[in-house]
Amino acid sequence: MTAPHAAATERGLWVAEMFAETVQGEGPSTGVPAAFIRLSRCNLTCLPWCDTPYTWDTSRFDLARESHRAAVADLLAWALPRPEELMVISGGEPLMQQHAMLPLVQALTDSGKQVEIETNGTYVPSKALIEAGAHFNVSPKLANSGMPLAKRIRSRALEAFAAAPRRTFKFVACEVGDLDEIDDLVARYGLNPVWVMPEGTTADAVIEGMRALVPGVAVRGYRLATRLHVLMWGDERGR
Ligand code: SF4
């Protein structure tokens with residue numbers, strides 16, 4: 001009988017796109033040369049500002065055309081020879097496929113790659129995934145996402161990420177008032193370290209948002225994040 005994880009691995013992962021020869025645009029590794037594997041599908045629908053709706057929005061996109069099944073072996077054949085030191089597994093919501101993703105993450109970290117998993121923080125990561133050595137960039141969604149509280153904030157998942165050895169929390173703020181909502185989540189779940197990033201799909205919007213957020217971020221001891229890829233390429237896909 002095939003073990004559940006082996007079966008999941010054989011079925012592969014739903015992948016939206018893979019791209020490289022770029023840099024990480026957000027969070028603590030901003031500017032680090034990176035290659036990206038963007039997994040398809042998401043459990044949330046952040047309609048106001050999601051910049052990857054082609055991973056989940058079936059009302060606007062045909063997911064059968066926007067994604068494909070990829071075997072872990074094929075993903076590794078693409079990723080391992082690449083020169084970029086950082087491999088980012090993004091989405092969509094990658095942890096929807098965490099069992100199938102585990103051997104990919106383990107093989108990447110075993111090879112010496114630095115791995116970041118970008119997640120909305122609603123799925124409890126398995127012990128094995130945490131121990132595989134990836135860094136989690138956890139981005140819990142605020143009310144500005146348009147999602148109901150019960151769907152976007154999952155206590156058990158946030159507690160698990162807060163206790164993980166390698167994690168960063170990153171919030172999208174549309175206005176200065178969003179910082180109060182971040183404060184509540186930080187206090188309730190012990191989230192640390194915290195990065196705050198402005199919403200925006202143009203360079204002007206990102207810079208304006210950063211300027212507005214600086215004073216509130218500074219007095220709270222949070223860190224200000226930019227969106228480097230937006231500053232350089234706007235909302236161009238695959239960057
Ligand atoms: S969690 Fe991320 S990928 Fe999913 S809908 Fe929200 S912004 Fe988009």
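So, R41 sits in the loop between β2 (33–39) and α2 (63–66); helices here are DSSP runs of H or I with at least four residues, strands are runs of E with at least two, and both are numbered from the N terminus. R41 is not a glycine, yet its phi is positive, about 90°. Before I go on: this is a predicted model, where local features need pLDDT of at least 70, side-chain atom pairs count only at pLDDT 80 or more, and totals for chains, interfaces and linings use all residues. Residues are numbered from 1 along each chain as its sequence is written, and side-chain values use heavy atoms, with hydrogens and water left out.

Why look at this at all? Because most residues other than glycine have a negative phi, and most peptide bonds are trans.

E21 also has a positive phi without being a glycine, about 55°, and E21 is in strand β1 (residues 13–23). Is E21 buried or exposed? Its relative accessibility is 72%, so E21 counts as exposed (that's over 50% relative accessible area; buried is under 20%, partly exposed in between, with a 1.4 Å probe and protein chains only).

Now the cis bonds. One joins G91 and G92, omega about 10°, with G92 in the loop between β4 (86–90) and α4 (98–110). The N192 to P193 bond is cis too, omega near -5°, and P193 lies between α8 (178–189) and β8 (194–198), in the loop.

Last, pairing, meaning DSSP finds at least two bridges between two strands. β5 (residues 114–119) runs parallel to β6 (residues 135–138) over four bridges, with E116 partnering H135. β6 also pairs in the parallel sense with β7 (residues 167–173), over three bridges, and there F136 stands opposite R167.
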